[in-house]
Amino acid sequence: MKIPLVDLKAQYDTIKPEIDAAIQDILDTTRFIGGPPVADFEAAFASYCEATAAVGCASGTAALHLALIETGIQPGEEVITVSHTFIATAEVVRMCGASVKMIDIDPHSYCMDPAALEAAIGEKTRVVIPVHLYGHPADMDPINEIAARHNLHVIEDAAQSHGARYRGRRVGSLAPLGTFSFYPGKNLGAYGDGGGITCRDSAAAERIAQLANHGRAEKYEHKIEGFNYRLDALQAAVLGVKLRHLDQWNARRREIAARYTELLADVTEVTTPQTADDVEAVFHLYVVQVPERDRVTEHLREHGVMVQLHYPIPLHLQPAYAHLGLHRGTLPVTEALAERCISLPCYPELTDEQITHTVSVLKDAVARVLA
Ligand SMILES: *Cc1c(COP(=O)(O)O)cnc(C)c1O
């Protein structure tokens, strides 16, 4: 049995008539940029996220860049985020001429440790970007409280957590700005690149929309310089269809996670993910910690279970961030997780049989490396 990490074809098969009709509509009008599909999706996504407004854009990275510009960050100022994330979270900081400070995560949620945030704030700090990693929201109440006390802007990087809830509220509504990726493999994925920004303030949404579209007010009237960071109509149409299924898909992801955790309960060498009491996670990834991770990974792949590592090298130890001068030992929780994490196959169409098979191969792998 071969089990992929994600199976987008299996998902397409379940919604083919809806997707094909939505795409055909765009082809019939040949209106590929802007127009009702984009506006409709933005309104539906804002409402889904319990935000005032949402702006579609080209990618999760573009969303982060636009949100960071909206904070007014200036060259020489500083942004605090985690090292345990995808590089996009940090990349955009340098695009604004600012510098990034990377801090450690909480060992239970794998998200930003609020105590580490408080300790890292300096003279130049202006913005904090917590990441809702693997579909589990960061601990936003203390993060917002610390940020408010120090006059910092907060951007939620919600690229992996569409639909997750923290103390009853959806991610994307927990700070003034939230950013999303619609990369195909994300919980809400387009059929190409896409991203979005949720806003608490409709004036911010207007400024961001203008920036994403060459600073345009009218077609050839440019109030400011901007970017070509638009979400295209085909992607918006696909996303509009898929958004209607998202809650059901997320519920299935939670079911899969619960099943994995139950089947792995007696394997003391494997650490399963924890969900905080006041959180509804959406399991973009189901990440376990194992000893001898590289050998376990090799065994799983050799037996057809296509696991991945998120992420094997923390950002602060990447060559791209050598200039930060952070050496091994600086962020111990992040570094330990990077050495032990494996992401098991987790997507709504995964069958119970595939889950059982994955667990049995994992148990074999662990028994073998420890023998
Ligand atoms: C996927 C991802 C991004 C970047 O999104 P793209 O759409 O690939 O540009 C940013 N942050 C996190 C945490 C992600 O997982």
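A: A cavity here is a set of points on a 1 Å grid over the protein atoms alone where a 1.4 Å probe fits but cannot get out, and its lining residues have an atom within 4 Å of a point. Points are joined across faces, edges and corners, and a volume is the space filled by probe spheres set on them. The model is predicted: local features need pLDDT of at least 70 and side-chain atom pairs 80 or more, while totals for chains, interfaces and linings use all residues. Residues are numbered from 1 along each chain as its sequence is written, and side-chain values use heavy atoms, without hydrogens and water.

Two cavities of 30 Å³ or more are counted. The largest cavity holds about 100 Å³ of space. It is lined by 15 residues, of which Tyr134, His136, Pro273, Gln274 and Phe283 are the closest to its centre. By class, that lining has nine nonpolar residues, six polar and no charged (nonpolar: Ala, Val, Leu, Ile, Met, Phe, Trp, Tyr, Cys and Pro; charged: Asp, Glu, Lys and Arg; polar: the others, Gly among them). Domain 1 (8-102 + 109-243) and domain 2 (246-370) each supply at least three residues to the lining of the largest cavity, with bounds from an automatic or database domain assignment.

The second largest cavity has a volume of about 80 Å³. Among its 13 lining residues, Leu8, Gln11, Arg253, Tyr347 and Pro348 lie closest to the centre. Domain 1 and domain 2 each contribute at least three residues to the lining of the second largest cavity.

Notes. 1 Å grid on protein atoms, 1.4 Å probe; cavity = no way out; pocket = protein on both sides within 12 Å on 5 of 7 lines; lining within 4 Å.
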